[in-house]
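Dear colleague,

Please find below the structure that I am handing over to you. My notes on it follow directly after.

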Amino acid sequence: MGGEKKGLVLLDFWVSPFAQRCRIALAEKGLVYESLEQELLGDKSDLLLGSNPVHKKVPVLLHDGRAVCESLVILEYIEDAFPGAAPQLLPADPYARAQARFWADYVDKRVYSCGTRLWKLKGEGRAAARAEMLETLRTLDAELGDKAFFGGEALGFVDVTLIPLTSWFYSYEKQGGFSVEEECPRLAEWARRCGERESVAKVLTAPEEVHDFIGLLKKHYGLE
Amino acid sequence: MAGGEDLKLLGAWASPFVTRVKLALSLKGLSFEDVEEDLGNKSELLLSSNPVHKKVPVLVHNGKPVCESVIILQYIDEAFAGIGPSLLPSDPYQRAVARFWAAYIDDKLVAPWVQATRGKTEEEKSEGINQTFAAVEMLEGALRECSKGEGYFGGETVGLVDVSLGSLLSWLNATEVMSGTKIFDPVKTPLLAAWMDRFSELDAAKAALPEVDRVVEFAIKRQAQAAAAAVTSDNK
């Protein structure tokens with residue numbers, strides 16, 4: 001089932017911000033991998049279903065045939081399995097690592113699911129999602145503070161976790177009727193700074209394409 | 001324990017997430033100050049230590065707070081790496097497997113289980129129950145794979161996944177007392193049923209898990225409060 005193929009294979013989906021986290025980390029570390037685009041809205045491949053029987057989702061990182069699932073688990077795996085591949089995305093100090101994991105978890109639990117409610121719901125539901133999204137973005141803006149990156153002077157674990165979601169900000173702004181630039185200027189500046197990196201520029205989906213994709217999903221769910 | 005280390009756990013006796021941290025500290029042989037929070041009237045220390053979520057557990061180590069139970073478990077493992085057994089193995093792939101199942105327990109077992117008890121409609125509760133049992137079946141398979149014939153998800157020794165799941169034992173037992181249903185049925189999920197007995201025998205489990213009777217009393221009281229609140233809101 002393609003199981004014993006040597007090296008790194010990423011089961012991927014073009015617009016998935018979760019898969020993009022892995023692609024950015026791999027690119028930053030100069031690790032060579034093969035990206036296999038998956039069919040998610042139609043029939044899922046045997047490889048995907050066999051590699052991720054529990055969740056049946058992307059991303060999956062296959063390393064010499066063994067599957068690692070869940071984007072943040074994959075990011076930690078890349079750190080552990082390739083200790084020589086600089087840069088280290090997690091700091092060495094246990095307390096700093098705990099802080100990085102905390103904020104990555106915050107991003108992971110809040111941003112995408114709240115954003116989904118923004119475009120799926122109407123009326124009170126959408127208003128609640130809008131309020132939650134603003135609170136989330138403001139909290140992240142405050143945590144970033146005057147640092148160049150969440151990781152400090154260099155890109156880190158939290159940055160990689162959040163960066164792919166910046167492509168979705170345009171859609172959230174349109175649905176929620178707000179401006180990230182106005183509400184969270186530091187976060188907006190950070191997004192631009194990250195976007196200039198080659199590893200990010202090559203991977204991120206253009207905001208307009210994300211917006212079109214959401215339109216597709218709305219039709220798929222019968223919401224238009 | 002290591003000299004000069006100040007460990008304070010901000011917690012609530014009934015919370016399995018707090019129990020998780022107590023289990024880890026006990027397994028490592030680390031002493032700590034057990035600070036019981038009144039969740040209806042949270043302390044300044046809790047609110048300033050966890051301003052984002054305002055929840056327990058928070059582990060305060062030499063004055064610095066660490067939040068979120070699974071993150072705290074990894075912190076304890078790393079900050080006290082030389083002391084007591086390791087919760088995570090050294091092999092990168094095995095570490096990934098452990099992290100995967102720890103996340104699964106919270107997302108796919110605990111969340112639906114909470115919905116099963118606290119859902120607003122009968123449909124929500126019923127859906128929660130179905131999802132809970134689906135997750136239990138999945139975890140039986142996970143235990144078979146991870147244990148490799150040994151006694152724990154961590155293999156021969158207790159690991160991250162064992163602690164994550166073991167923290168729920170008092171609540172699993174309480175549910176059995178109140179509903180008559182075993183969530184880890186010995187016929188359907190024999191490995192988990194045996195694991196539950198084995199885990200309960202650990203010194204750390206006896207030290208950290210709350211008394212089942214106390215949990216039953218707490219759960220009944222909370223159900224009554226929810227029912228009363230529902231009646232009141234229906235009468236508005």
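How far apart do the end C-alpha atoms of residues 93-213 of chain A lie, and what percentage of the span is helix and strand? The end C-alpha atoms lie 40 Å apart, and the span is 74% helix and 0% strand. Helices (H or I, at least four residues) and strands (E, at least two) are DSSP runs, numbered from the N terminus.

This is a predicted model, in which local features need pLDDT of at least 70 and side-chain atom pairs count only at pLDDT 80 or more, while totals for chains, interfaces and linings use all residues. Residues are numbered from 1 along each chain as its sequence is written, chains are lettered from A and ligands numbered from 1 in the order in which they are written, and side-chain values use heavy atoms, with hydrogens and water left out.

Annotated spans

For residues 93-213 of chain A, UniProt lists "domain: GST C-terminal" in an unreviewed entry. An unreviewed UniProt entry also gives "domain: GST C-terminal" for residues 91-227 of chain B. UniProt positions are given in the numbering used here, feature names are shortened, and annotations may be inferred rather than shown by experiment. In chain B, the end C-alpha atoms of residues 91-227 lie 49 Å apart, and this span is 76% helix and 0% strand.

Helix H3 of chain A

In helix H3 (residues 71-81) of chain A, 10 of the 11 residues are buried, so the helix is largely enclosed by the rest of the structure. Buried means under 20% relative accessible area, exposed over 50%, and partly exposed in between (1.4 Å probe, protein chains only). Among the buried residues of H3(A) are Leu72(A), Tyr77(A) and Glu79(A).

Salt bridges

Over all chains, the structure holds 26 salt bridges, each being a side-chain nitrogen of Lys or Arg within 4 Å of a carboxyl oxygen of Asp or Glu.

- Lys29(A) and Glu79(A) form a salt bridge whose closest N and O atoms are 2.7 Å apart. Lys29(A) lies in the loop between helix H1 (17-28) and strand S2 (33-37) of chain A and Glu79(A) in helix H3 of chain A, so the pair ties together parts that are 50 residues apart in sequence. Both Lys29(A) and Glu79(A) are buried.
- Asp64(A) forms a salt bridge with Lys6(A), with 3.6 Å between the closest N and O atoms. Asp64(A) lies in the loop between S3 and strand S4 (66-69) of chain A and Lys6(A) in the segment before strand S1 (8-12) of chain A, so the pair ties together parts that are 58 residues apart in sequence. Asp64(A) is partly exposed at 34% relative accessibility, whereas Lys6(A) is exposed at 66%.
- Asp105(A) and Lys109(A) meet in a salt bridge of 2.5 Å, N to O. Both residues lie in helix H4 (residues 94-120) of chain A, 4 residues apart, about one turn of the helix. Asp105(A) counts as buried at 15% relative accessibility, while Lys109(A) is partly exposed at 48%.
- A network of salt bridges links Glu76(A), Asp80(A), Arg97(A), Arg101(A), Glu78(B), Arg95(B) and Arg99(B).

Backbone geometry

Most residues other than glycine have a negative phi, and most peptide bonds are trans. Asp64(A), already named for its salt bridge with Lys6(A), has a positive phi near 50°. Asn62(B) likewise has a positive phi, near 50°; Asn62(B) lies in the loop between S3 and strand S4 (64-67) of chain B and is partly exposed at 42% relative accessibility.

The peptide bond from Ala86(A) to Pro87(A) is cis, with omega near 0°, and Pro87(A) lies in the loop between H3 and H4 of chain A. In chain B, a cis peptide bond joins Val56(B) and Pro57(B), with omega about 0°. Pro57(B) lies in the loop between helix H2 (44-49) and strand S3 (58-61) of chain B.

A buried loop residue

Ile163(A) is in the loop between helix H6 (157-162) and helix H7 (169-176) of chain A and counts as buried at 1% relative accessibility. The C-alpha atoms of Ile163(A) and Ala191(A) are separated by 6.9 Å, although these residues are 28 apart along the chain.

With kind regards
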